[in-house]
Amino acid sequence: MSAQVRKTATKLADGRDLFYFDDSPEYVSGQRTRRLDDPRPLPDRFAPIEGEDGTVHPVTGPQMRKDPLTGDWIPMATHRMNRTFLPPADANPLAPARPGAEYSDGEIPDTDYDVVVFENRFPSLMATPEQAQEIAAADGVIPVNGLDGDDLYRRAPAAGRCEVICFTPNLEDSLATVSHERMRTVIEAWADRTRELSAMPGIKQVFCFENHGKEIGVTLSHPHGQIYAYPYLTPRTRQMLTQAQAHREATGRNLFDDIVDTELRSARRILDQSEHWVLFTPGAARWPVEAHLVPRRHVRDIAHLTEEEREELADLYLHLLQAGNRFFVNPDGSAIELPYIAAWHQAPIGPEGDELRLHLEFFSFLRAPGKLKYLAGSESGMGAWISDTSPEKIADRFKEVW
């Protein structure tokens, strides 16, 4: 943790973890501290539940099932059907508590914060205390058994963790508008959570990401991202591992090294570069707007970045977000705020991830003002991508607005 950021841990009323990451000098020095108590009358999230017939039964976490056709694990998070959806500004659960107001059902106890991370109230992945103990006792092995007494469909507890990270207390802000200092605090929070979640028994990989914009499907408009700790390797990661291992066997070289070297030699799609990072539109880009940000050296995850790499990352990342907001313009010439997904791919935990490198994949569904790329028959039905543009056109537009 940087000396310029202070982390303070507490518990919410239902037992979930919450962490303040402060860069304001009076909090970094310890002169002031955030509110740590949560007075909401929330029941313990793991307390036994009484059913409609009066029977009391223990809380069960979400289950995941394995698709025998693809080998993909699919979490069944049925409780998320009733999660908060686009609440009004005065009922924003990610906003700080209002000074002097009766405490509402918000997630942050204090009336202000810099950056805050907490466990999601409606998680897709969660282990009950009993499951966590069982997995820890089994050296991180998650129990798997058959569905309906048959082994074709495998099932297991979706024993991971989902966290929310709020980038700023201000609803009208976005990550693109924060200062360099605040972006550094966000990076420190990503690094801290990656390190701690990676050490949890049963976790296979940690994914930091942001969904931005209603077109992407955001259900809370407050500027925030999420951090998932998966108890399995995701399909995208398995695909990259397969390709990287095949490349190593065929050439003796690391795939990411060769990708970066190839993009630098061409220079056609390079958007920016620094001492420690290279930003480019990849030669096989699939989205209408896409850029990848890759460290020059082999780094497994955000937690392993040096201070110098984090400093440069803060500047490049902010510049990328701001350029994205200039990529499309309205007929009157005004800029369109870009809906996007920012996905931080990190190497899986353990030696099997040695071939993979930390990198950001930044992309948008927007293909023109007011027009989205829909994942229809070919993409959704067959996983066969068809691009509506070319990587070179994407790179040229980024360079125009850079």
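The dialogue below goes through several features of this predicted model, one at a time.

Q: What should I keep in mind about the numbering and the confidence limits of this model?
A: Residues are numbered from 1 along each chain as its sequence is written, and side-chain values use heavy atoms, with hydrogens and water left out. Because the model is predicted, local features need pLDDT of at least 70 and side-chain atom pairs count only at pLDDT 80 or more, while totals for chains, interfaces and linings use all residues.

Q: How many salt bridges are there?
A: A salt bridge here is a side-chain nitrogen of Lys or Arg within 4 Å of a carboxyl oxygen of Asp or Glu, and by this rule the count comes to 38. Glu 107 forms one with Arg 40, the closest N and O atoms being 2.7 Å apart. This pair links distant parts of the chain, 67 residues apart, with Glu 107 in the loop between strand S6 (73–76) and strand S7 (115–119) and Arg 40 in the loop between helix H1 (25–28) and strand S3 (49–50); helices (H or I, at least four residues) and strands (E, at least two) are DSSP runs, numbered from the N terminus.

Q: Are Glu 107 and Arg 40 buried or exposed?
A: Buried means under 20% relative accessible area, exposed over 50%, and partly exposed in between (1.4 Å probe, protein chains only). Glu 107 counts as buried because its relative accessibility is 5%, and Arg 40 counts as buried because its value is 6%. In another salt bridge, Lys 214 meets Glu 215 with the closest N and O atoms 3.8 Å apart; there Lys 214 is exposed, at 66%, and Glu 215 is partly exposed, at 33%.

Q: What surrounds Glu 210, which has no salt bridge?
A: Glu 210, in strand S11 (residues 205–212), is buried, and the nearest side chain of opposite charge, Arg 182, is 14 Å away; for charge, Lys and Arg count as positive and Asp and Glu as negative, whereas His and the chain ends are not counted. Contact means heavy atoms within 4.5 Å, and, not counting residues up to four places away in sequence, Glu 210 touches residues including Phe 167, His 224, Tyr 317 and Tyr 340.

Q: Which residues touch the most other members of the largest nonpolar core?
A: A nonpolar core is a set of buried Ala, Val, Leu, Ile, Met, Phe, Trp, Tyr and Cys residues joined through side-chain atoms within 4.5 Å. Of the 76 residues in the largest one, Met 183, Trp 190, Tyr 317, Trp 344 and Phe 398 touch the most other members. The largest share of this core, 8 residues, comes from helix H6 (residues 307–324).

Q: How do I read the two faces of strand S14?
A: In a regular strand the side chains alternate between the two faces of the sheet. In strand S14 (residues 277–280) both faces are covered, with Trp 277 and Leu 279 on one side and Val 278 and Phe 280 on the other, all buried. Two strands pair if DSSP finds at least two bridges between them; S14 pairs in the antiparallel sense with S13 over 3 bridges and with strand S15 (residues 289–295) over 4 bridges.

Q: Where does Asp 148 lie, and what is its phi?
A: Most residues other than glycine have a negative phi. Asp 148, in the loop between strand S8 (145–147) and strand S9 (150–157), has a positive phi near 55°, and this residue is exposed, with a relative accessible area of 70%.
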